[in-house]
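Dear colleague,

Please find below the structure that I am handing over to you. My notes on it follow directly after.

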Amino acid sequence: MEPQKSVRSVLFSHLSLHLGGLGITAGAHRLWCHRAYKARLPLRIFLAFCNLLAFQNHIYEWARDHRVHHKFSETDADPHNSNRGFFFSHIGWLLVRKHPDVMRKGKTVDCSDLLKDPVVVFQKKYYFPLMISTCFVMTTIVPVYAWGEGLYNSFLVATLLRYTVTLHATWLVNSAAHTWGSRPYDKTIKPRQNTFVALFAIGEGFHNYHHTFPWDYSTSELGWNINLTTMIIDFMASIGQAYDLRSVPADMIQQRQQRTGDLN
């Protein structure tokens with residue numbers, strides 16, 4: 001790559017990486033799966049577009065599987081059950097058939113609310129052409145036509161490398177954040193507080209807190225600390241695009257820590 005083109009391509013890849021991440025963290029996860037806040041139509045459309053950049057299945061399927069993960073965490077009905085090992089919870093669960101319990105018990109999880117959102121329905125209906133044109137075609141041709149980047153370099157860096165990093169950032173929440181770290185809120189569950197994962201997954205590494213209080217829009221009691229997603233949601237709230245942000249009262253957090261947390 002020529003130096004100037006290289007800088008532009010890296011910056012574009014970095015921006016695309018974080019936009020795709022927001023499509024998972026602020027979109028599929030906190031908004032649609034957990035209903036931790038509400039979003040107006042322009043923000044929902046934006047997050048659905050960002051979600052396409054991440055290519056981790058459409059919003060409905062992602063949110064459905066994640067609800068199953070929370071309801072049946074660390075059991076055979078958990079799609080990425082961490083009791084089956086680090087590799088399985090990181091990527092192995094995508095390489096094998098789902099355990100029968102995932103299919104059977106997953107049907108007991110209500111996702112009808114998701115189908116009431118026209119943005120979710122539209123993305124689900126046209127997912128593959130939208131995803132291919134966004135995640136692979138757009139990210140490749142923008143550097144080529146905008147600043148003359150080579151087609152091969154653009155496809156390798158802005159598309160393939162960026163997509164790979166997005167995948168592993170998300171998977172680390174399922175694997176590393178269920179393996180290493182502290183459990184200050186509930187020592188009886190496997191999810192843990194992992195600063196590295198929080199940094200890599202733009203705020204999703206405070207996992208012991210999240211599994212204890214899954215309705216908190218910030219997935220953490222620490223506010224903006226290593227939590228880019230919370231910053232973006234707060235900004236959207238300040239301009240009226242996000243509202244009804246749900247959080248956990250400080251006294252409830254303290255009481256739960258005293259009751260079930262590992263405070264050593």
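The second largest pocket holds about 170 Å³ of space. A pocket here is an open set of points on a 1 Å grid over the protein atoms alone, where a 1.4 Å probe fits, with protein on both sides within 12 Å along at least five of seven lines; lining residues have an atom within 4 Å of a point. Grid points are joined across faces, edges and corners, and a volume is the space filled by probe spheres set on the points. The model is a predicted one, in which local features need pLDDT of at least 70 and side-chain atom pairs count only at pLDDT 80 or more, while totals for chains, interfaces and linings use all residues. Residues are numbered from 1 along each chain as its sequence is written, and side-chain values use heavy atoms, with hydrogens and water left out.

Two elements, α3 and α5 (100-106), each give two or more residues to the lining of this second pocket, and α3 gives the most, with 4 residues. Helices are DSSP runs of H or I with at least four residues, strands are runs of E with at least two, and both are numbered from the N terminus. Among the lining residues are Y60, R64, D65, K98 and K107. By class, the lining divides into 6 nonpolar, 1 polar and 4 charged residues; Ala, Val, Leu, Ile, Met, Phe, Trp, Tyr, Cys and Pro count as nonpolar, Asp, Glu, Lys and Arg as charged, and the others, Gly among them, as polar.

The largest pocket contains about 620 Å³ of space. Of its 34 lining residues, I24, Q56, W62, T170 and W171 are the closest to its centre. Two or more residues each come from α1 (3-33), α3 (59-71), α8 (151-174) and α9 (195-200), with the largest share, 9 residues, from α8. This lining has 17 nonpolar, 14 polar and 3 charged residues.

Helix α12 (residues 250-260) has the buried residues I253, R256, Q257 and T260. They lie on the same side of α12 because they cover an arc of only 105 degrees around the axis, taken from the directions from the helix axis to the C-beta atoms. The face turned away carries the exposed residues Q254, Q258 and R259. Buried means under 20% relative accessible area, exposed over 50%, and partly exposed in between (1.4 Å probe, protein chains only).

Finally, an unreviewed UniProt entry places the feature "domain: Fatty acid desaturase" at residues 21-214. Over residues 21-214 the chain is 60% helix and 1% strand.

With kind regards

How values were computed: UniProt positions renumbered as here; feature names shortened; annotations may be inferred.
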